[in-house]
Amino acid sequence: MNKSALNIVSSSIQAKMSVFISLLIIIVTVSLFVFTDLVGVPFTDIESDYEESFNSAISGINQIADTRKDNINKKILSLTANIETIVSSSMTKSYVEGSKPLEGNQEFANYLENYRKTYNIFDNIQVADLKNGKIIAATRTVDIGMDVSYQYYVKGAVKSRCYHICFALDPADGDTDLYISHVIDVNSQPRYVIIMNVNASDFLEALNSNTQRGDNTESVLTDQDGVLLINLKHPLADGKKAVPLGAKFFSLDSPIMARVLEANEGTVIGNDYRGVKVLAAYRYIPIDAETGWALVIQRDYADVLAPYHYKIRYVIILIIVYLLASLILTQVMIRWLTRPILTLKKAACEIGSGNLNTVVTIKTKDELGQLAKTFNKMVRDLKEGQAELNRRRDFLQKVLDNTTNAVYSIDPSGKFLLANYKVSCITGYTAEELLGLPFLVLFDSEALPGVTEKFIKASVVGQRVANYETKLIRKDGVTRIVSFTITPLIDNEKIDMVIGTAEDITERRQLEELRRVNEKRLEIMVALSQLADKPANEIMNFVLEKTIDLTGSTIGFIAFGNEDDTEYTVSAFSTSVMKECAVKGADLRFQREHSGLWGEAVRRRSPVIVNDYETTELFKKGYPDGHMPLKNLLLVPTFDGNRIVMVTAVANKDGQYSQTDISQLTILMDGLWQLIERKRLTDELRRLNHSLIDKVVEETQRRQQGEQLLTQQSKMAAMGEMIGMIAHQWKQPLNVIAVTAQDLSDAYNFGEMNAGYLANSQATIAKHVEFMLDTIDDFRKFLRPSKEKVLFDVKKAVEELTAMFAPYFVKDNIVINVISEDSGTLYSATGYPNEFKQVILNIINNARDAVLSKRGQTGQAGKDTININVYKDSSEKIIITISDTGGGIPEDIINKIFDSHFTTKPSHIGTGIGLYMSKTIIETNMGWRLTVRNIEGGAEFRIEI
């Protein structure tokens, strides 16, 4: 083909299609000729293949049947010859016709055994007496005396007056055996029956295995009554396995077996015992004049036609392969022809998805090539227009994003058309996610009716909606309070869209609510401070009612915990509970571990909010009888150190409880507890003061009762100092509280009072009250005697003691320093921690007295130090040294300072038992060692643990 012809073909789609269709016809024609030449016309020799396969199968199965029938006949002839031999032998006749009875005749039994061993084809030989039907002689002694009168091989021999062959079960081993029996006449009358048996498996070895061929060829053998004599290869039609001598083929409806049992022979196609179609060769094997066996050699008909079916499958596969090849070739041609069109389609789809960088690469000179050039020019023009549109849109978006308000537009159907960055900040959706998103999706079911009404008013009626406040649901599920404005845009009296602005006012509303609640709480705190002299129950009831009002609740109660934090008792009910609840008079105590929802705040050691009481999965145990129903609940624990001392519960708020309610309730209840605890401590201090005076008088009168009372006397003396220390540490906080209270009054009179001013004053008072409470707790723990030895950190004990008493020393310009080798090292020892602290206190008190005495003698005042050094020596022994700058102990008394009642102080100052008791506690009670020595500028006490 010349160049001009090629150009014509390439420039026309019709020419291309003509070329390829012609080529396809040529290929199909050539393929058909080649296939016919190699294989021939399909299905022309099917009949000959079928006849060849069928005739070969008939010939093969007949040959197998004839061979197996001949083998069985030969074995039967051999067995009958053997039994005829033994019956007609002179030895047998001599025994039978002799005067010596056969029963119990060992010589005759040996003769039978020798015969069996000689021929080695019989498993057992027996002789039965026809008079009683019992075995009288046998090669197996276990058979002697066995009754065989009912057996077929006995009855058959008597009936034939000759020999009889049949299959039966051997009672000795339970196997199926072939029995050959023969009558022995005495005086022309049947007198004995000689019986020989052979294992049926050995006799029918070729038939019994049924595995002579790789296909489904099988042998079936029955007796003249149709009783199965060998195992079958397959189960019966009902799925059961046929048992030799247990299955009868007349009952199995086998037409092939019925035919052969009529002494017929031949070949037939029919259904076997399974109901499967087979090709069968059947033979009749005569055993004697009256009986015979039926032998069937069968083969599944599917195996017979296997070569024929293989040929059909081969031809079908060739046809399928040819058709597939044709389809593939046709598909390749079609794809080649339609590739330019598909290229245009793909480019159009990409442009439709927004990809304007698509270029069609068809460079042919036909119609598709011209279309591709036009298409590419259109895309370039569209790309330039899109770029200009994007520039304008980006400019508008930047303007909107830099505005201070959230700006958006919505089409009449309610979907976002445009949204700036502020809208994304409020809603949590990106600008891309908002485009096409329904405006009303942002609001929950409660706010939706109002928002819908406002949107319809703007988008349908055409009225502007300004500053409408509602709740909005962000993408992350958080609820925000927004204020928005919607303005309709009208063009030719038609509302094209609405534009609007929005503002998130959540924090503003929360601050307003918090300010309102704080002002209300401060009013309660001021009123509470005026109730300090009132009874505790009156104070609690006042605070509880104010708490219910503060949180917007309906009911509430206050419960106090016991000392070990295991039981809580409700001590105050709200007025509404007293009116409505029928269980208010009950003994309302709840155990921490076994209580229901009320104890959850104690178990968690944190506040608990339940805003849907009916659906909560917390530890509800139901209402007591008469309890008023609950819809929501807030539980707040109050701590004193690490211990929960009080639990406050409020319930049935018209709305949901929040963290603000927890904060307000926590602050208010802390103030209540501090007031109650301060009243209790004041009463306890007053009682302790009176008790102290009585104890001092009592201990003074009984000081002669024994050394065992000196420890308590020392503690009582120390308690006097502690009260002074408490008073000293309380003086400054009380002054601050008084000044703050006076300042509050002045601020109120001069109009300077506001929420922030009152909150700061309240925080100052609460801080100093907490300091005073901590001081009382620390001294109360110190005064509590240790009941038993425990493992404790001696360095931590020293630090706790100095923290309590250091301010008392600071007023005398004395600094206490605690020094150790490593701040992270543990200095654990077993002893009495409070008594150990008393020893340290006694020593540093003596050091303080020595410093003050030195100052009085020298007249020099300055800063002195007491150094407490805690470390471990090379043997890991804990060493505590307490050194001072008090000038030391005179050498003439240094060995006496640990003696009882020895003191260098005036009688109204010292008792002489402090260091004595320290020595006793350290060495006698704890087994440690306490010594003293003078160092440069002072004395050093040394405790070795």
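Reply: Lys 134 counts as partly exposed because its relative accessibility is 38% (buried is under 20% relative accessible area, exposed over 50%, partly exposed in between, with a 1.4 Å probe and protein chains only). This is a predicted model, where local features need pLDDT of at least 70, side-chain atom pairs count only at pLDDT 80 or more, and totals for chains, interfaces and linings use all residues. Residues are numbered from 1 along each chain as its sequence is written, and side-chain values use heavy atoms, leaving out hydrogens and water.

Me: Ok, which residues does Lys 134 touch, leaving out those up to four places away in sequence?

Reply: Val 127, Ala 128, Asp 129, Gly 145, Met 146 and Asp 147, with contact meaning heavy atoms within 4.5 Å. Asp 147 is 13 residues away in sequence, yet 4.3 Å away C-alpha to C-alpha.

Me: Switching to H5, what caps its N-terminal end?

Reply: Asn 105 does, with a side-chain oxygen 3.1 Å from the backbone nitrogen of Glu 107. After H5 comes Asn 120, with a positive phi near 55°.

Me: And which H5 residues are buried?

Reply: Phe 108, Ala 109, Tyr 111, Leu 112, Glu 113, Tyr 115 and Arg 116.

Me: Now H24 and H25, which residues meet there?

Reply: From H24, Glu 835, Phe 836, Gln 838, Val 839, Asn 842, Ile 843 and Asn 846; from H25, Gly 914, Leu 915, Ser 918, Ile 921 and Ile 922.

Definitions and conventions. Helices (H or I, at least four residues) and strands (E, at least two) are DSSP runs, numbered from the N terminus. A polar contact is a pair of N or O atoms within 3.5 Å; within protein, one must be able to donate a hydrogen and the other to accept it, and residues adjacent in sequence count only if both atoms are side-chain atoms.
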